[in-house]
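Hi,

Here is the model I promised to pass on. Have a look at it first, and then read on for what I found around the ligands.

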Amino acid sequence: MTLSRRKSKYEARVATGGPATSAMIASLEAEGYETVAAPFGHALVDIAKSNRKIVGLTADLSKYTDLHVFAEAFPDRFFQMGMAEQSMFSAAAGLAREGFKPFATTYAVFASRRAYDFICMAIAEEALPVKIVCALPGLTTGYGPSHQATEDLAIFRGLPNLTIIDPCDATEIAQATRAIAASPGPVYMRLLRGQVPDVLGPLGYQFQMGKAQFVRRGGDATVVAAGFMTMRALDAAKVLAAEAIEISVLHSPTIKPLDEKTILTAAANANLLVTAENHTIIGGLGEAVAGACMREGVHPRFRQIALPDEFLDAGALPTLHDQYRVSVKAMVEQIRGWLT
Amino acid sequence: MSIANVSLARRAWSIRRHALRMAEVQGQGYIGQALGAADLLAASYFHALNFHADDPDWEGRDRFLLSIGHYAIALYAALIEAGVLPEDEIGTYGMDDSRMPMSGMAAYTPGMEITGGSLGHGLGIAVGVGLALRAKKNPAFVYNMMSDGELGEGSTWEAAMAASHHCLGNLICLVDFNNQQADGHSKDMMSSEPVDQKFEAFGWYAQRVDGNDIKALTKAFDAAKTLKDDRPRVIICDTKMCKGVPFLEEREITHFVRVAPEEWASAIAHLDGEAPA
Ligand SMILES: Cc1ncc(C[n+]2csc(CCOP(=O)(O)OP(=O)(O)O)c2C)c(N)n1
Ligand SMILES: [Mg+2]
């Protein structure tokens with residue numbers, strides 16, 4: 001009667017103490033970066049001032065996806081759909097059919113898992129311009145599997161017509177919001193919300209849909225990264241540089257369609273090609289890059305930094321990032337290990 | 001089952017106190033929900049439910065599914081009071097490797113039947129458990145504790161229809177109607193009223209009670225358990241967030257109630273001054 005998974009696990013658990021928390025809302029460790037408040041919400045308000053077709057919908061999570069900023073600015077263009085993700089995405093499809101540009105928000109797990117069929121048939125199959133913007137992508141909460149969207153990219157990559165963006169920081173979120181508002185088709189964008197670090201702004205970066213761009217150059221290894229893992233890669237690069245290891249960081253925020261041209265050229269010239277993603281090792285950026293290389297006959301030494309194929313633990317985010325090898329420290333150790 | 005000779009008011013008071021002590025550890029937590037649902041949990045665990053504290057997997061137990069994973073703090077408090085979880089683990093709440101994570105998970109905690117938290121799952125699972133209990137000729141009940149926010153999910157109503165279609169008189173659904181969701185008051189987010197009439201129209205035996213009135217709760221549980229027909233039963237409990245700590249009750253209530261570091265002690269002190277017999 002008793003499930004083996006239950007017993008084995010809870011009897012082994014001994015709290016380690018310390019100021020840890022498995023709370024839902026936790027901020028990313030991003031030392032040394034300025035932060036910007038609610039970059040998505042503010043960018044959307046700005047864009048909506050000159051685009052009357054933009055409307056916002058949420059499934060009881062406006063405050064947690066920064067859409068409340070839009071709701072306050074444009075109360076008549078905001079629709080609270082209650083906690084009903086399937087109904088929200090269907091309604092977004094209906095609005096889009098009638099000529100509106102809906103931005104629909106929830107957490108990444110609830111769009112990808114609960115509402116998948118509704119997004120697939122009502123939105124993607126008809127290539128309607130619904131912009132699906134989702135907080136808590138990958139491992140950005142310590143709350144446990146119910147809120148950790150570790151496989152959202154794998155789920156959505158299988159969907160034809162859908163553009164997928166995994167932005168790195170506040171600067172890119174603002175730029176990408178503008179770009180997806182201007183694009184004609186459906187988009188899934190992963191969102192960092194609340195106080196979001198600004199990593200790329202000081203580098204003079206400009207987001208281009210469908211383009212991967214080098215944000216650092218070095219000859220010992222090339223890391224292709226997306227989302228906040230680009231920040232981690234840049235931080236790891238600084239640590240490695242002190243040990244005379246120089247790495248390139250190729251930031252590829254558009255997961256689909258992937259910028260294969262840039263990535264394949266980088267791969268062909270890399271001493272070691274590493275992909276780094278805030279996602280399970282299955283079906284995300286790493287496998288997309290590997291597949292492109294194999295198909296095109298480019299065969300670099302290849303390694304993947306990604307989350308394991310497991311339901312992850314609940315715990316404090318920094319603890320989990322170390323445990324699952326996506327912290328700066330863990331990245332440095334992995335890359336150093338592969339080079340020696 | 002009533003364990004020892006302790007009043008339900010005292011049980012509810014202890015549940016509130018355990019929950020405050022847990023939230024104090026983290027300086028946060030869904031304390032408004034726990035305080036609001038303490039009376040409902042006291043009536044569940046110390047009046048309605050049949051269970052063995054030393055054997056949470058006992059086959060004859062009534063199953064209690066917590067659909068609302070974020071209410072875990074409230075259920076931990078009840079399980080501590082019931083002797084299923086040890087009181088000395090209160091200080092581990094929400095810590096790395098604790099058996100009491102912020103969101104309830106079956107793999108972590110004795111007495112936690114399901115991993116809730118992706119809201120809108122509990123009632124559907126309860127339907128399957130109800131079917132299974134009947135097939136096994138097990139006379140136990142299955143309870144599903146859910147929130148008013150979950151009334152928005154389509155899955156809730158799919159399950160509600162299945163429960164009455166399959167004549168699950170062994171299923172008792174508890175709705176904590178605190179008129180609160182993540183973005184605001186439930187009635188403004190997505191109106192679900194009249195909730196009792198909706199369930200009735202779906203073929204359920206529905207009762208609506210003051211969820212902070214222990215007498216009303218026990219009466220409703222008795223009626224649900226002894227009803228002579230095979231309709232699934234729902235008890236819609238109107239509760240008050242933060243109930244029992246007046247200075248928090250008066251605060252602007254949101255999904256998260258802000259509590260300053262020094263206020264945990266005052267909240268516990270307030271309870272201690274009002275300990276029921
Ligand atoms: C399917 C799903 N959608 C969204 C969420 C995010 N979420 C967590 S709690 C919550 C509010 C739900 O309402 P309720 O449970 O009544 O909230 P409370 O009374 O605790 O404020 C939401 C939207 C979730 N956990 N599951
Ligand atoms: Mg509620």
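Start with Glu85(A): in this predicted model, an N or O atom of the Glu85(A) side chain is 2.6 Å from a nitrogen atom of ligand 1. On the chain B side, Gln33(B) puts a polar side-chain atom 2.7 Å from an oxygen atom of ligand 1. Gly149(B) uses its backbone instead, with an N or O atom 2.9 Å from an oxygen atom of the ligand. Taken on its own, ligand 1 has 590 Å² of accessible area, and the protein covers 99% of that.

As for where this happens, ligand 1 sits in the largest cavity. The site is shared between chains, because the residues that surround ligand 1 come from chains A and B. There are 23 residues around the ligand, and the ones that come nearest are Glu85(A), Gln33(B), His70(B), Asp148(B) and His255(B).

Now the metal. Which residues coordinate the magnesium ion (ligand 2)? They are Asp148(B) through OD, Asn178(B) through OD1 and Gln180(B) through its O atom, at 2.0 to 2.2 Å. Along the sequence, these donor residues follow the spacing D-x29-N-x1-Q.

Cheers

Conventions:
Residues are numbered from 1 along each chain as its sequence is written. Chains are lettered from A and ligands numbered from 1 in the order in which they are written. This is a predicted model: local features need pLDDT of at least 70, side-chain atom pairs count only at pLDDT 80 or more; totals for chains, interfaces and linings use all residues. Side-chain values use heavy atoms; hydrogens and water are left out. Donors are N, O and S atoms within 2.8 Å of the metal (3.2 Å for Na, K and Ca); water is not among the atoms, so sites may look incomplete. A residue is near a molecule or strand if one of its heavy atoms lies within 4 Å of it. A polar contact is a pair of N or O atoms within 3.5 Å; within protein, one must be able to donate a hydrogen and the other to accept it, and residues adjacent in sequence count only if both atoms are side-chain atoms. Accessible areas come from the Shrake-Rupley method with a 1.4 Å probe; for residues, only the protein chains shown count as cover. On a 1 Å grid over the protein atoms alone, a cavity is a set of points where a 1.4 Å probe fits but cannot get out, and a pocket is an open set with protein on both sides within 12 Å along at least five of seven lines; lining residues have an atom within 4 Å of a point. A molecule sits in a cavity or pocket if more than half of its atoms lie within 2 Å of its grid points.
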